[in-house]
Amino acid sequence: MLSGIYSLLSAGLFVTLDAVDVAFTEAAVGGGISTVLLLGTLALTGEDSKPRRERWRIALPVVLITGGALIYGTLDMPRYGDPNAPIHQHVVPRYIQDSGQETGLPNIVTSVLASYRGYDTMGEVTVIFTAGIGVMVLLGAATRRRRRPAPAEPEPLEPETIEPETAGPELTPELAPELAKEDRA
Amino acid sequence: MELLGLYNYWIVVVLMMAGFYTVIAFDNLVKKIVGLTIFQTSVFIFYISMAKVSGGTAPILTGEPEVFSNPLPHVLILTAIVVGISTTALGLALIVRIREAYGTIEEDEIQAQDDQQ
């Protein structure tokens with residue numbers, strides 16, 4: 001649940017940052033699919049997490065040092081929303097000016113994604129395909145293993161449980177109550 | 001205050017370190033995946049916030065001269081979100097498989113079982 005809310009929050013953040021396409025994707029993929037996947041995994045693995053010591057003695061210094069280094073690194077970055085940042089100077093003005101005429105699409109993100117960088121998107125589809133195959137192979141093997149011991153387990157029990165019944169009178173619906181009485185007696 | 005203009009990066013760093021901490025401090029594999037997801041989202045926010053131009057709008061051509069946010073990081077992150085969800089799905093499937101094989105998803109217990117063999 002929290003992960004779904006988290007994804008929705010980040011989708012809202014993307015809207016305020018003018019990235020509507022990204023927000024759509026995040027809301028659908030992050031808020032929808034990943035929440036379902038996470039809940040499914042929790043259902044399959046059991047949601048109890050053992051209360052144990054966290055390794056905070058190692059983790060906290062590592063995290064603090066890394067974070068400090070990263071923040072030191074941001075000091076040279078362009079300011080938030082600065083239109084003169086280097087990222088906005090190169091390549092992008094051409095897309096903004098010409099993509100409308102060249103592809104006929106009003107949405108620049110769509111025209112870049114599907115037209116200019118179509119190969120990129122095809123590679124992305126390959127990645128999804130590979131991941132899908134991986135998940136199928138992993139979970140398929142898991143369910144096959146679960147199915148195999150299932151018929152193997154009752155077999156050793158059968159001689160003990162069935163023999164008394166076959167030795168006595170044939171078990172029919174009419175006889176069953178009498179058998180039950182005999183058992184009680 | 002000139003430095004305050006960097007606050008978007010600082011939010012990203014805090015989020016990223018929260019995810020990083022979750023990955024290295026917990027033994028539960030599902031928690032590690034959740035930490036990785038948070039880490040991923042922080043990178044997404046990093047790119048998208050770099051693309052923002054103050055006073056700009058979403059990069060959709062309307063025919064009028066406007067200031068647009070940078071569309072290229074949006075494209076990158078669209079791809080990254082989808083690739084990220086497929087890697088997350090693969091990781092979760094691996095966890096389910098590990099649970100089948102070891103009966104636990106705590107990393108230290110798995111390590112202990114491996115050492116016994």
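Residues are called buried when their relative accessible area is under 20%, exposed when it is over 50%, and partly exposed in between. The legends below apply these terms to a predicted model.

**Figure 1. Helix H5 of chain A and its cover.** Helix H5 of chain A spans residues 108-116, and its buried residues are A:Ile108, A:Val109, A:Ser111 and A:Val112. The cover over these buried residues draws on both chains: it includes helix H2 (20-45) and helix H4 (92-103) of chain A, together with helix H3 (71-102) of chain B. At the start of H5(A), the backbone nitrogen of A:Val109 has a side-chain oxygen of A:Asn107 within 3.0 Å.

**Figure 2. The largest nonpolar core.** In soluble globular proteins, nonpolar side chains tend to be buried together. The largest nonpolar core of the model holds 22 residues, of which A:Phe14, A:Val22, B:Ile48, B:Ile77 and B:Ile81 touch the most other members. H2 and H5 of chain A, together with helix H1 (7-25), H2 and H3 of chain B, each supply at least two residues of this core. The most is given by H3(B), with five residues. Around B:Ile77, once its neighbours within four places in sequence are left aside, the residues in contact are A:Val22, B:Phe44, B:Tyr47 and B:Ile48.

**Figure 3. Salt bridges within chain A.** Side chains of opposite charge can pair when their charged atoms come close. Over all chains, the count of salt bridges comes to three, and this view presents those of A:Arg94 with A:Glu102 and of A:Arg117 with A:Asp120. The side chains of A:Arg94 and A:Glu102 meet at 2.9 Å, N to O. Both residues of this pair are partly exposed: the relative accessible area is 41% for A:Arg94 and 45% for A:Glu102. In the salt bridge between A:Arg117 and A:Asp120, the closest N and O atoms are 3.8 Å apart; this pair is counted because the cut-off for a salt bridge is 4 Å. A:Arg117 is partly exposed at 41% relative accessible area, and A:Asp120 is partly exposed at 39%.

**Figure 4. A salt bridge between two helices of chain B.** B:Lys32 and B:Glu107 form a salt bridge through their side chains, at 3.5 Å from N to O. B:Lys32 lies in helix H2 (residues 29-51) of chain B and B:Glu107 in helix H4 (residues 107-116) of chain B, so the pair joins parts that are 75 residues apart in sequence. B:Lys32 counts as buried, because its relative accessibility is 15%, whereas B:Glu107 is partly exposed, at 35%.

**Figure 5. Aromatic pairs of chain B.** A pair of aromatic rings is described by the distance of the centres and the angle of the planes. Five aromatic pairs are counted over all chains. One of them is the edge-to-face pair of B:Phe20 and B:Phe39, with 6.5 Å centre to centre and 70° between the planes. This pair links distant parts of the chain, with B:Phe20 in helix H1 and B:Phe39 in helix H2 of chain B, 19 residues apart. B:Phe20 is partly exposed at 23% relative accessible area, and B:Phe39 is partly exposed at 27%. The ring centres of B:Phe46 and B:Tyr47 lie 5.9 Å apart and the planes stand at 85°, so this pair is also edge-to-face. B:Phe46 is partly exposed at 26% relative accessible area, as is B:Tyr47 at 29%. Ring pairs link these residues, B:Phe46 and B:Tyr47, with B:Tyr9 into a cluster.

**Figure 6. The helices of chain B.** The secondary structure of chain B consists of four helices and zero strands, in the order α-α-α-α from the N terminus. Chain B has 117 residues, of which 53% count as buried. Among the contacts in chain B between residues at least 6 apart in sequence, 47% join residues at least 24 apart. The accessible surface of chain B comes to about 5,100 Å², and 67% of this surface belongs to carbon and sulfur atoms.

How values were computed. Residues are numbered from 1 along each chain as its sequence is written. Chains are lettered from A and ligands numbered from 1 in the order in which they are written. This is a predicted model: local features need pLDDT of at least 70, side-chain atom pairs count only at pLDDT 80 or more; totals for chains, interfaces and linings use all residues. Side-chain values use heavy atoms; hydrogens and water are left out. Buried means under 20% relative accessible area, exposed over 50%, partly exposed in between (1.4 Å probe, protein chains only). Contact means heavy atoms within 4.5 Å. A polar contact is a pair of N or O atoms within 3.5 Å; within protein, one must be able to donate a hydrogen and the other to accept it, and residues adjacent in sequence count only if both atoms are side-chain atoms. A nonpolar core is a set of buried Ala, Val, Leu, Ile, Met, Phe, Trp, Tyr and Cys residues joined through side-chain atoms within 4.5 Å. Accessible areas come from the Shrake-Rupley method with a 1.4 Å probe; for residues, only the protein chains shown count as cover. Rings of Phe, Tyr and Trp (its six-membered ring) pair if their centres lie within 6.5 Å; planes under 30 degrees apart count as stacked, over 60 as edge-to-face and the rest as tilted.
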